[in-house]
Amino acid sequence: MSLVKGLHHMTVCVGGAQEDIDFQTQIFGQRMIKQTVLFDGRYAHYHLYYANADAEPGSVYTTFPYGRVRGRQGSGQIQATAYSVPKGSLKFWLEHLNHHKIKNNGIQERFGQKFIRFDHPSGIQLEVLEEAGDNRRGWRTGEVSTDVATRGFHGPVLSVREIAETERFFVDALGFKKTGQEGPYHRFEIGEGGAAKTVTLLHEPDRPSGSWIFGAGTAHHMALEVESDEKLTEQKGIYEELGYTDASEIKDRMYFHSVYCRCPGGILVECAATVPQGFAVDEPADQLGQSLLLPPWFEPRRAEIEAMLEPIKVPDTNFPQGRKAPVKVPVQAQASGDAAAGASGASRRTSAVFIGGDKPAQK
Ligand SMILES: [Fe+2]
C-alpha cells in the first residue's frame, strides 16, 4: 500500500509577479489562493498559489516570480504540467488561447487523450487535457465558465535522458505502476490512476540538462500528497532504505510539511502533508489570496520584505463575494511558536536577513 495518494502541488519559477497573476486569474481561469513569500534564502521573492474552486491538493500550482535569474529548460526537468478539463472543452480552450495570442501547439493526442500545450508568459509550459469523470469543482471567471474550467492537475510531463532509474524511483520508492508506453512517453499511475494520480516520463536521451536552480521560465519541483506527518517520516524511511539517503529533513511550509528528494532523472520530488486547516490556517477560507501573508517568524520584518517586492493587484473577480476587511486568523503555531514545529518534527526557519528582492528597477 503506497503512502502517496496522488499529486499535491507543482512549483515553477515565472517572470513578473503581476504578469503571472494576470495570466493565471484572467486567462487560465485559476483561483488565486495565497500570497506569501519564499521561505528560504536571503532574497525576498513572492510565493503565489493558485488552485481550483475548493483549493484542493492536486490542483495547487505555486509560482515564484523570479525575474532576477533566468533558468534554462532541458532534460532532468518538469517539462509541462497538464490540467484536467472536461471532455469536449478543447474547442473552447483553443479559441480562448488564440484569442489571447497565447502560443500553443493546437490539439494533440497522448494515450488516447486530447490535449493542448501552451506557454505561460514566462515560457513555462502548461497543458489542458481532456479527462472524463473528473468531478472536482473548477473555478469560474468572466471568460472561463465552470463547464470548461480546469478541475485540477492531470499530471506532469517529466523530461529524462534515461527511463529506467527514474521508473525505479517512482515505482519502488513511491508506489506508482507503469500503465503505458507510447513512443517516447511512459505513463505511471498511482491508486486508481487518472487525474491527479498520473506522472508521464518523456524520454529525451539527447537533450542537454536543464537548470536546477530557481530561475524564471523553468519548473522547480513537483509535490505528491501523503496523509500526515507520520507518513512523511515513513516515506523518508523508505527513501533511506532504498539508498536515496539525500532525502531532506521535514520542512515546515506553513500550509503543509514537506520532505524533498531528487529522483535519479534529476527532477526534485517533494512529499507534502497538508496541515489540518490547510490554506485557511492564516486567513478565512472565503478570503484566500486577498493579502500578503507572512509566516510568524517573518512577520517582524514585514515592512522590509514588502519594500523589496513588486507591488501587485489581484483582480476583484478573484473574490466573488467581494473584498472584505482583512481578518487574520490567529495561527496556532504563532502562539506555541517553535514548540508546534518541534512537535511535528518539522524544521522551521526562525529569523531572516534579506539582502535583496525581486522588485523591478524603477524607470
Ligand atoms: Fe513545494
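Residues are numbered from 1 along each chain as its sequence is written. Because the model is predicted, local features are reported only at pLDDT of at least 70 and side-chain atom pairs only at pLDDT 80 or more, whereas totals for chains, interfaces and linings use all residues.

The protein chain has a mean pLDDT of 93, and 93% of its residues reach 70 or more; pLDDT is the predictor's confidence in each residue, on a scale from 0 to 100. Over residues 333-340 the pLDDT stays under 50, and the model has 7 contacts beyond four places in sequence for this stretch. Two residues are taken to be in contact if their C-beta atoms, placed from the backbone, lie within 7 Å.

The C-alpha atoms of the protein chain fill a box of roughly 55 × 50 × 40 Å along the principal axes. For 363 residues a compact globule would have a radius of gyration near 21 Å, and the 19 Å of the protein chain agrees with this. The radius of gyration is taken over C-alpha atoms, and the globule rule is 2.2 Å times the number of residues to the power 0.38. Of the 363 residues, 47% count as buried. A residue is buried if 20 or more other C-beta atoms lie within 10 Å of its own, exposed if 12 or fewer do, and partly exposed in between, with C-beta atoms placed from the backbone. Among contacts between residues at least 6 apart in sequence, 71% join residues at least 24 apart.

The protein chain contains 7 helices and 18 strands. Helices (H or I, at least four residues) and strands (E, at least two) are DSSP runs, numbered from the N terminus. An open sheet of 8 strands has the order E2-E4-E5-E1-E14-E17-E16-E15, with mixed pairing. Strand E2 (31-37) and strand E15 (251-252) stand at the edges with a single partner strand each, so one side of each is left without a neighbour in the sheet. Two strands are said to pair if DSSP finds at least two bridges between them. E15 pairs with strand E16 (residues 256-262) in the antiparallel sense over 2 bridges, and Asp-252 stands opposite His-257 in E16. The loop between E15 and E16 holds Met-254, which has a positive phi of about 75° although it is not a glycine. Met-254 counts as buried, with 22 C-beta neighbours inside 10 Å.

Helix H1 (residues 17-27) lies across strand E1 (6-14), E2, strand E4 (46-51) and strand E5 (60-65), at about 0° to E4. Helix H4 (residues 229-242) lies across E16 and strand E17 (268-274), at about 10° to E16. Axes are lines fitted to C-alpha atoms, for helices over the stretch in contact, and angles run from 0 to 180 degrees between N-to-C directions. Within H1 is found Gln-24, a buried residue with 22 C-beta neighbours inside 10 Å. Leaving aside neighbours within four places in sequence, Gln-24 is in contact with Gln-30, Met-32 and Tyr-50. In the loop between E2 and strand E3 (43-44) lies Leu-38, which counts as partly exposed with 15 C-beta neighbours inside 10 Å. Not counting residues up to four places away in sequence, Leu-38 touches His-45, His-47 and Phe-64.

In helix H2 (residues 90-99), Leu-90, Trp-93, His-96 and Leu-97 are buried. Seen down the axis of H2, the buried residues fall within an arc of 125°, so they line one face of the helix; the arc is that of the directions from the helix axis to the C-beta atoms. These buried residues pack against strand E6 (77-85), strand E7 (104-110), strand E8 (113-119) and strand E9 (125-130). On the other side of H2, Lys-91, Glu-95 and His-99 are exposed.

The loop between H2 and E7 contains Lys-101, whose phi is near 55°, a positive value in a residue other than glycine. Lys-101 is exposed, with 7 other C-beta atoms within 10 Å. E7 and E8 run antiparallel and are joined by 5 bridges. The two strands form a hairpin with 2 residues between them, and Phe-111 in the turn has a positive phi of about 50°. Arg-110 has Gln-113 in E8 as its bridge partner.
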